[in-house]
2 protein chains.
Amino acid sequence: MTTINRTSSKSCFGGKVEFYKHSSSSCNCEMSFSIFIPQEASTENKLPVLYWLSGLECTEKNFMEKSGAQRCAAENSVIIVAPDTSPRGCNIEGEDESWDFGSSAGFYVNATQEKWKNHYNMYDYVVTELPKVIAANFPVNDKKSISGHSMGGHGAMMIAIRNPEEYYSVSAFAPICAPSLCPWGEKAFGGYLGDDKNTWKMYDSNCLVETATQKIPILIEMGACDPFRETQLHLETFHETCQKHEYPLTANIHEGYDHSYYFVASFIEKHIEYHAQHLRSLS
Amino acid sequence: MTTINRTSSKSCFGGKVEFYKHSSSSCNCEMSFSIFIPQEASTENKLPVLYWLSGLECTEKNFMEKSGAQRCAAENSVIIVAPDTSPRGCNIEGEDESWDFGSSAGFYVNATQEKWKNHYNMYDYVVTELPKVIAANFPVNDKKSISGHSMGGHGAMMIAIRNPEEYYSVSAFAPICAPSLCPWGEKAFGGYLGDDKNTWKMYDSNCLVETATQKIPILIEMGACDPFRETQLHLETFHETCQKHEYPLTANIHEGYDHSYYFVASFIEKHIEYHAQHLRSLS
């Protein structure tokens, strides 16, 4: 069993917000995550988990500090786990030089490029390793859902599309919908995966929906005034691809809202309730 | 009319979180504040204001980012105004040297000491100047309540005790209840007000309740595990003083909670509703 080290524990809405560090075998470094555990969680009352993947420049802290999700998670008896957005401190040349690549920008892929492949395996970390760490250390049942914001919104969609049997539901706030087609995604995928764009497809939701057979419905919230909407997020392109391939997508555009946590906080209750509803189902 | 400059505007729970800077006559420098304006506020539908005073190390941002108060403020049709915690950038020697004195630590007093008195007049700023700035620029009516956290929790209590006719209600999270008796207060009052402890009394709630005639009831939330409870907050002393002088105080102690915004966020809804109830009253 992986040893995890608690660095902080805070009472919050009757439950606990806690922060942990542990040695990650996927990333070959110390990784960090936060967890919200509702009051009633116990070995006799194991609860489902909503995984939250954060965006560029974020850590495991932002969601817990700014989303206000704990209130609704407590009401809906859902545990929330929010991992850090990348490996850190790996002594890779240039890892801390960009805000949109390297540290804080793991993009939830398994790197294939020599420089990054020993550490930048966020896909394996989120899909396989972290759920085992959580299951071994917390009162969780085997039901999981996944959501996220921006880079993490895409990560949540991509992971759920590829693993529809693993997740009860998926949603995203302001996701990068087609990373192969935008500057953020091109930089990250090029850096971690190399120049062959065919290898990008397995990490690009806009490509994955074309071939998905078991289709997990996607719920998206997007701010109409999101400054990254046109250049980086490409919701319209994704919407067209989903329509063409009959992939179930619900996308809600909100007048006046931008890309910030004020936007996430305003609609998180709806998403927590959406996931809780799926996680309570018997299937 | 004071010119105010908007630096940011974010949609949030149907309303707007906005950040402003303006030239302050009380503090002789540029001051910053944030404001949450519910959607329905307009010149035809002016709303009451809850002033929020933040604690040490905070700015005008913390409450808006971390409290989750906008949700309940929107539901209760209350505008929230949160000023910065001190003047900044005044070129006073040592103003940025301590985390508990100078910048981020104005303690809501009018300084009398030569070094600070031209700028550190947070009492006048919060009580007199800021409400005028708000009234001149936003759709507010003349109803005000006040609340805050830690240093700001004390500021809210002290200001309301001294101006009971100005505020409809007052509350505090983890306030420094008797600043003259704790290290944070001694350092700040000594620095801003000098060594004569008689001059401290007009800014110390634990002294002010002794002589208050018009008594505005105080509502306090306190975490039982607040690490500053014994050394800095002195709720028990304040409770005894209030009992002795028949000053109305309700203090709720919460098992497991500490001094953080996870604590504030957990109970802010109750306080917003408390203030909204008073602000809706006819008196």
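This is a predicted model: local features need pLDDT of at least 70, side-chain atom pairs count only at pLDDT 80 or more; totals for chains, interfaces and linings use all residues.
I will start with the active site. The label comes from UniProt, from an unreviewed entry, which puts "active site" at Ser150(A), Asp226(A) and His259(A). Those positions are spread over 110 residues of sequence, yet they cluster in space, with a largest C-alpha distance of 10.7 Å.

Take Asp226(A). Asp226(A) sits in the loop between strand 8 and helix 7 of chain A. Is Asp226(A) buried or exposed? Its relative accessibility is 5%, so it counts as buried, the cut-off for that being under 20%. Setting aside residues up to four places away in sequence, Asp226(A) touches Ala174(A), Leu233(A), Tyr257(A), Asp258(A) and His259(A).

Next, His259(A). His259(A) is also in a loop, the one between strand 9 and helix 9 of chain A. With a relative accessible area of 12%, His259(A) is buried. Beyond four places in sequence, its contacts include both Ser150(A) and Asp226(A).

Now helix 4 of chain A, residues 151-162. Helix 4 of chain A has twelve residues and spans 17 Å from first C-alpha to last, close to the 16 Å expected. Why call helix 4 of chain A largely enclosed by the rest of the structure? Because eleven of its twelve residues are buried. Among them are Met151(A), Gly152(A), Gly153(A) and His154(A).

A brief stop at Ser145(A), which lies in strand 6 of chain A. Ser145(A) has a relative accessible area of 0%, so it is buried. Away from its sequence neighbours, Ser145(A) is in contact with residues including Val49(A), Tyr51(A), Tyr168(A), His275(A) and Leu279(A).

Last, the two chains together. On each side, how many residues of chain B and chain A are in contact? The count is 21 residues of chain B with 21 residues of chain A. Chain B and chain A bury about 1,800 Å² between them, and 52% of that is on carbon and sulfur atoms. Of the area that chain B buries against chain A, Ser11(B), Glu65(B) and Tyr262(B) supply 36%, more than any other three residues.

Two salt bridges are found across this interface. One pairs Asp258(B) with Lys10(A), with the closest N and O atoms 2.9 Å apart. There are also ten residue pairs in polar contact across the interface. On the side of chain B that touches chain A, helix 9 of chain B gives the most, with four residues.

How values were computed: Residues are numbered from 1 along each chain as its sequence is written. Chains are lettered from A and ligands numbered from 1 in the order in which they are written. Side-chain values use heavy atoms; hydrogens and water are left out. Helices (H or I, at least four residues) and strands (E, at least two) are DSSP runs, numbered from the N terminus. The expected span of a helix is 1.5 Å times one less than its number of residues. Buried means under 20% relative accessible area, exposed over 50%, partly exposed in between (1.4 Å probe, protein chains only). UniProt positions are given in the numbering used here, feature names are shortened, and annotations may be inferred rather than shown by experiment. Contact means heavy atoms within 4.5 Å. Buried area is the accessible area (1.4 Å probe) that two parts lose on being put together, summed over both. A salt bridge is a side-chain nitrogen of Lys or Arg within 4 Å of a carboxyl oxygen of Asp or Glu. A polar contact is a pair of N or O atoms within 3.5 Å; within protein, one must be able to donate a hydrogen and the other to accept it, and residues adjacent in sequence count only if both atoms are side-chain atoms.
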